[in-house]
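The following exercises are to be worked through with the sequence and the three-dimensional structure at hand. Each task is followed by a solution in steps.

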Amino acid sequence: MFSEDEIRHHFPILDRKINGQPLVYLDNAATTQKPMEVLFASKHYYEAMNSNIHRGTHYLARLATEGFEKARKTVADHLNAASTDEIIFTSGTTDGINLVADVLALSGTIGAGDEILISTLEHHSNIVPWQMLCQRTGAELKVIPCDDDGVLDQEGFRALLNGRTKVLAIGWISNAFGTVHPVAEMTAAAKAAGVPYVLLDAAQATPHVKMDVQAVGADFVALSGHKVYANTGIGVLWGRADVLNALPPWRGGGEMIKEVTFAGTTYNDLPFKYEAGTPNIEGAIALEAALDFVNQIGVGEIAAHEHDLIQAAAAGLAEIPDVRLYGPADRAGALSFNIAGIHHYDLGTLLDQMGVAVRTGHHCCQPLMARFGISGTTRASFAVYNTLADVEIFVASVRKAVGMLR
Ligand code: PLP
């Protein structure tokens with residue numbers, strides 16, 4: 001059973017007062033708050049387990065190594081990966097996408113005249129690494145258009161697929177508008193057209209969707225721990241083992257090697273081949289705690305709860321004169337809007353004074369903002385601990401702020 005009170009008690013920060021008001025935290029697409037389980041896992045790691053991994057013979061080294069590898073197994077199970085070899089710990093989604101783009105550039109399989117296909121709704125993290133790959137290889141960036149609801153144009157997408165398309169890299173859920181893209185269908189279409197590599201940016205999908213990487217059929221899925229109640233600085237790149245095995249290593253250093261001589265180096269097997277240097281051991285263990293927390297409640301239950309909140313928020317905002325909501329009616333996670341004649345930054349500042357934390361600006365999606373002819377939006381984004389009371393305060397605060405700004 002889902003008890004709101006019980007859930008909220010897991011998040012100590014929610015008891016904070018902001019500007020003398022109870023905190024209404026609606027900036028979850030930027031980062032989520034952390035439950036006690038995650039805070040405890042981080043503290044416990046440093047109090048009872050701290051050591052470097054994979055190299056020591058002593059007790060603490062074994063304990064830390066076991067903890068880190070157990071976390072990898074939890075992540076693999078959570079994503080339904082075929083093997084723990086496919087779980088690369090990274091520092092986050094940005095890191096995972098850069099890994100893939102760099103390694104594909106190094107692989108020599110992408111060259112002048114090839115095409116990299118992304119979409120209008122991408123976060124800068126899923127644009128810039130591909131632009132950099134294009135600069136290095138001579139490939140060209142192509143962009144799937146979207147309609148006025150922020151929904152990807154599927155006909156336009158299919159028309160862009162051709163024999164030169166080497167990569168399809170798209171988000172799963174838009175951080176700016178909450179659009180859920182049909183990633184399994186788009187992956188299947190890309191594969192049917194012979195696209196060798198499909199990458200999904202799952203930064204926003206991780207907290208809202210029960211992901212099954214085998215079912216969705218992509219080659220890479222990148223995610224960030226901090227979007228799903230874990231720490232900053234830990235993330236995961238899932239990659240199909242046969243694909244990763246065929247690609248060159250990325251960063252050089254400890255852990256990713258089998259044997260080093262001054263004449264040359266042989267590289268380690270997966271997943272260590274892509275984990276050069278000391279990883280974020282505590283972060284991986286905290287991520288495991290976060291996934292356990294999420295799975296105890298159920299990703300489906302969390303998504304249904306957030307869906308109710310987002311619908312209530314959209315209905316409340318829609319009654320405010322001159323409001324423009326962005327994204328389709330069936331959003332996940334995030335609700336973006338503008339009110340004619342009011343700058344999103346002014347609105348966000350007033351909401352903050354009322355204890356309501358939202359995000360304003362371009363949401364790291366400047367090309368999407370340009371597509372809609374705006375400099376930014378105000379975005380409310382939801383998590384497991386938000387309540388209908390939060391939504392009511394949020395909508396009433398927006399109304400009040402509008403009254404003050406007009
Ligand atoms: N992709 C999307 C859709 C995001 O929302 C974000 C973060 O907001 C990122 C990528 C980048 O994530 P990180 O900063 O954790 O690497």
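**Exercise 1. The contact between the domains**

Determine how many salt bridges are counted between domain 1 and domain 2, and describe the contact in which they occur.

*Solution.* 

Step 1. The count between domain 1 and domain 2 is 1 salt bridge. The model under study is a predicted one.

Step 2. The two parts must be located in the sequence. Domain 1 comprises 4–26 + 298–405, and domain 2 comprises 49–295. Their centres, taken over C-alpha atoms, are separated by 29 Å. To the contact, domain 1 contributes 33 residues and domain 2 contributes 28 residues.

Step 3. The size of the contact is then stated. The accessible area lost when parts come together is often used to give the size of an interface. Domain 1 and domain 2 bury about 2,400 Å² between them, and 64% of this lies on carbon and sulfur atoms. Val-299, Leu-368 and Arg-371 supply 24% of the area that domain 1 buries against domain 2, more than any other three residues.

Step 4. Arg-371 also takes part in a salt bridge: its side chain meets that of Asp-148, with 2.7 Å from N to O.

**Exercise 2. A residue in a loop**

Decide whether Ile-173 is buried or exposed, and state what it touches.

*Solution.* 

Step 1. Ile-173 is found in the loop between strand S7 (165–171) and helix H7 (183–192).

Step 2. A residue counts as buried under 20% relative accessible area. The relative accessible area of Ile-173 is 5%, so Ile-173 is buried.

Step 3. Neighbours within four places in sequence are left aside. Ile-173 is then in contact with Gly-178, Thr-179, Val-180, Gln-204, Ala-205, His-208, Val-209 and Ala-332.

Step 4. Separation in sequence and in space may be set side by side. Ile-173 and Ala-334 are 161 residues apart in sequence, while their C-alpha atoms are 9.2 Å apart.

**Exercise 3. A pair of strands**

Describe which way the side chains of strand S4 point and how S4 is joined to strand S10.

*Solution.* 

Step 1. In a regular strand, side chains alternate between the two faces of the sheet. In strand S4 (residues 87–90), Ile-87 and Phe-89 point one way, whereas Ile-88 and Thr-90 point the other way; all are buried.

Step 2. S4 and strand S10 (residues 235–239) run antiparallel and are joined by 4 bridges. Within this pair, Ile-87 stands opposite Trp-238 in S10.

**Exercise 4. Salt bridges across the sequence**

Explain which parts of the chain are tied together by the pair Glu-255 and Arg-55 and by the pair Lys-191 and Asp-219.

*Solution.* 

Step 1. Side chains of opposite charge can pair when their charged atoms come close. The count for the model comes to 20 salt bridges.

Step 2. The side chains of Glu-255 and Arg-55 meet in one of these, at 3.3 Å from N to O. Glu-255 lies in the loop between helix H9 (241–246) and strand S11 (257–261), and Arg-55 in the loop between helix H2 (36–49) and helix H3 (59–79), so the pair ties together parts 200 residues apart in sequence. Glu-255 counts as buried at 15% relative accessibility, whereas Arg-55, at 46%, counts as partly exposed.

Step 3. Lys-191 forms a salt bridge with Asp-219, and their closest N and O atoms are 2.7 Å apart. Because Lys-191 lies in helix H7 and Asp-219 in the loop between helix H8 (213–216) and strand S9 (220–224), this pair ties together parts 28 residues apart in sequence. Lys-191 is partly exposed at 31% relative accessibility, while Asp-219 is buried, with a relative accessible area of 1%.

How values were computed:
Residues numbered from 1 in each chain as written. Predicted model: local features only at pLDDT ≥ 70, side-chain atom pairs only at ≥ 80, totals over all residues. Heavy atoms only, no water. Buried < 20%, exposed > 50% of the residue type's maximum accessible area, 1.4 Å probe, protein only. Helix = DSSP H or I, 4+ residues; strand = E, 2+ residues; numbered from the N terminus. Pairing = 2+ DSSP bridges. Contact = heavy atoms within 4.5 Å. Domains from an automatic or database assignment. Buried area = accessible area lost by both parts, 1.4 Å probe. Salt bridge = Lys/Arg side-chain N within 4 Å of Asp/Glu carboxyl O.
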